[in-house]
Structures are given as C-alpha cells and as structure tokens.
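Please read this briefing alongside the sequence and the 3D view that follow. It begins with one contact and then moves on to the chain and its parts.

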Amino acid sequence: MNIQEYINSGIIEQYVLGDVSAQERQEVECMSHIYPEIQQELFSQQQVIERLAMAFQVEPPVDLRAKILGRLKEQNNSIETEAQIVEVIPDPIEDQVKVVEPRKDNIIKMSEAPPKSNFIKYMAAASVVFCIALAGLNLKNSSDYKEELNKMSVSNSGLEDQMHTMTQKMTIMQDPSFQKIAMPGIKEKSPESVATVYWNKKESIVYLNPNSLPKPQDGKQFQLWAIKDGVPMDMGMLPNNFDSNSFVKMTNIDNAQAFAITMEKEGGVPSPTMSEMYVMAAL
C-alpha cells in the first residue's frame with residue numbers, strides 16, 4: 001500500500017469533518033492503528049479542528065461569578081427581613097390617603113415559611129438578579145468585550161485561514177472536473193518528496209498541495225513548472241511558509257504534458273535548474 005497516496009486522497013480530512021460512510025470510518029481507524037504516518041496525519045487534522053473550536057469559544061469575565069453571588073446574597077438578606085405590608089385606602093371626604101399599619105399575624109418571616117416557598121422565592125430572586133447582572137455587565141463591559149473580540153480576531157486569523165484552506169481543498173478534491181496529478185520525488189534528489197497538482201483543464205485552473213516537500217534552504221524557494229509542447233512554463237512560486245496541508249493557487253494553464261517542481265533562488269528564475277528538480281509527473 002502507498003501510504004502517501006492514501007493520505008493525499010483526502011479521506012483523512014473527510015473523516016475529521018464527519019463526511020465519510022461507516023465503512024470508510026472503520027477503514028481510517030484501522031489504518032491509523034497499522035500505519036504511524038496515517039495516525040500522525042489524523043492527529044494533525046484533529047488538532048486543527050480542536051484549535052478552531054478552542055479559539056472561537058468566548059469565556060465570561062472572571063469576576064462574573066463573584067458579582068452574581070454577591071447580588072444573590074444581598075437579595076436573600078433583604079427577603080429574610082420582616083416585610084411591612086402597607087394598605088392604601090382612599091378617603092372620599094378629605095381625598096387623602098391613610099396608611100394602615102399591618103397586623104402582626106400578617107408579617108411572615110422567611111424562616112417560618114414552608115420549605116417549598118423558600119425555594120421558589122430564592123430561585124425567582126436568583127433569576128432576576130442574574131438577568132440584571134448580565135445586563136449590567138453587558139453595558140459596562142461592552143468596550144472590554146469588543147477589545148477582546150478584536151484581539152481574538154487577530155490571533156485567530158491563522159486558524160481561519162487553515163479552515164478556509166481545508167474547506168477549499170475538500171471542495172476541489174471532490175470536484176470531478178479537477179484532475180489529481182501526484183508528483184513523486186526524484187530518486188537522485190529527494191526520493192521521499194511528494195507534491196500534488198489539482199488541474200481543471202477546462203478552466204485552466206491549477207492548485208498545488210506540497211504534501212511532503214522539505215523546507216527550502218535559506219534564500220531558496222520552490223517553483224512549479226508545466227511542460228507545454230516541450231517547453232517549461234513558469235507556474236509560480238510556492239510560499240516558504242507552506243506545510244503539508246497548504247493549498248496554493250498557481251498560474252493558469254490550458255495544456256500541459258508534465259508538471260515538475262525545482263528549488264530556485266527566492267523569487268524564481270525564467271527557466272528551471274534541472275539538477276534542482278525535486279518532484280515530477282508526466283501526463
């Protein structure tokens with residue numbers, strides 16, 4: 001079995017996203033126990049999803065719990081205080097209001113009330129205070145939240161890019177109009193290297209997945225070439241910050257007989273250095 005081809009097939013990304021059948025799920029889990037490379041790739045993809053989930057969670061302010069408990073304690077103390085019942089009776093003659101003091105038997109202490117009544121009043125008070133506390137905190141700390149969200153937005157931009165790349169990669173892998181061209185490593189130069197081109201010949205669109213290309217030397221950069229009618233055509237440079245999951249849009253081309261990657265000086269060259277060819281595939 002060609003392990004790298006299995007990894008490049010996209011089945012692991014589909015497994016992590018839950019887009020596989022029961023049989024495919026069992027196959028991935030079985031393969032991951034047999035082959036350490038597949039297990040490592042599975043772990044890597046799962047970490048991407050976990051980091052995204054952790055990055056977008058919003059934690060409440062650290063002092064929220066203390067504030068709510070404090071409000072609840074104050075409310076509970078006020079409820080346990082003897083209630084004064086005041087009846088307001090209009091006087092039709094003097095058009096005034098008389099205040100009648102309550103009878104002692106109308107005064108109820110919380111300690112004398114039935115247990116169920118205590119619980120209901122406590123929960124009602126808790127609900128009210130909780131809502132008030134949240135509303136107050138939302139108004140008071142709205143600027144703090146905005147600042148934190150802005151910081152989070154900046155720090156999570158890399159994770160958003162990863163999710164976008166993964167989604168784009170999955171879409172193209174499942175698109176039958178794209179031809180998948182796996183480029184194995186040149187035996188004399190870098191036999192362990194693999195890179196994949198996804199080519200939509202009808203629309204001349206080309207994407208490059210560097211898979212297991214090594215990191216370029218200082219001052220160097222990988223350059224993609226297409227061989228068209230026997231002439232090498234510059235297809236663009238692979239950014240040096242790539243990893244195995246990168247998915248890079250390259251220069252469009254409508255016809256080609258082969259694809260290859262060479263390591264050139266940073267910024268690229270007009271024609272390939274054949275001795276620096278790392279991968280190649282003929283069509």
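In this predicted model, a polar atom of the side chain of Asn209 lies 2.8 Å from the backbone oxygen of Ser246; a polar contact is a pair of N or O atoms within 3.5 Å, where within protein one must be able to donate a hydrogen and the other to accept it, and where residues adjacent in sequence count only if both atoms are side-chain atoms. Local features need pLDDT of at least 70 and side-chain atom pairs count only at pLDDT 80 or more, whereas totals for chains, interfaces and linings use all residues. Residues are numbered from 1 along each chain as its sequence is written, and side-chain values use heavy atoms, with hydrogens and water left out.

**The chain as a whole**

- The chain holds eight helices and 10 strands, which are DSSP runs numbered from the N terminus (helices are H or I with at least four residues, strands are E with at least two).
- Of the 283 residues in the chain, 34% are buried, where buried means under 20% relative accessible area, exposed means over 50%, and partly exposed lies in between (1.4 Å probe, protein chains only).
- The accessible surface of the chain comes to about 17,900 Å², and 55% of this belongs to carbon and sulfur atoms; such areas come from the Shrake-Rupley method with a 1.4 Å probe, and for residues only the protein chains shown count as cover.
- Among the contacts in the chain with a separation of 6 or more, 64% are between residues 24 or more positions apart, a contact being heavy atoms within 4.5 Å.

**Asn209 and Asn245**

- Asn209 lies in strand E5 (residues 205–209) and is buried, with a relative accessible area of 1%.
- Not counting residues up to four places away in sequence, Asn209 touches Lys169, Ala195, Thr196, Tyr198, Ser244, Asn245, Ser246 and Phe247.
- Asn245 lies in the loop between strand E7 (231–238) and strand E8 (248–249), and this residue is buried as well, with a relative accessible area of 19%.
- Leaving aside neighbours within four places in sequence, the contacts of Asn245 include Glu13, Glu41, Lys169 and Asn209.

**Strands and their pairing**

- Four strands form an open antiparallel sheet in the order E3-E4-E5-E8, where two strands pair if DSSP finds at least two bridges between them.
- The edge strands of this sheet are E3 (179–184) and E8, each of which pairs on one side only.
- E3 is joined to strand E4 (residues 194–200) by six bridges in an antiparallel arrangement, and Lys180 stands opposite Tyr198 in E4.
- Strand E9 (residues 258–265) is mostly covered, with seven of its eight residues buried.
- E9 pairs in the antiparallel sense with strand E6 (residues 220–228) over eight bridges, and with strand E10 (residues 277–282), also antiparallel, over five bridges.
- Within E9, Thr262 is the residue that stands opposite Gln223, while the bridge partner of Thr262 in E10 is Met277.

**Helix H3**

- Helix H3 (residues 22–34) has 13 residues and reaches 19 Å from its first C-alpha to its last, close to the 18 Å expected, a span defined as 1.5 Å times one less than the number of residues.
- The buried residues of H3 are Val28, Met31 and Ser32, and they cover an arc of only 100° around the axis, which puts them on the same side of H3; the arc is that of the directions from the helix axis to the C-beta atoms.
- The face of H3 turned away from the buried side carries the exposed residues Ala22, Gln23, Gln26 and His33.
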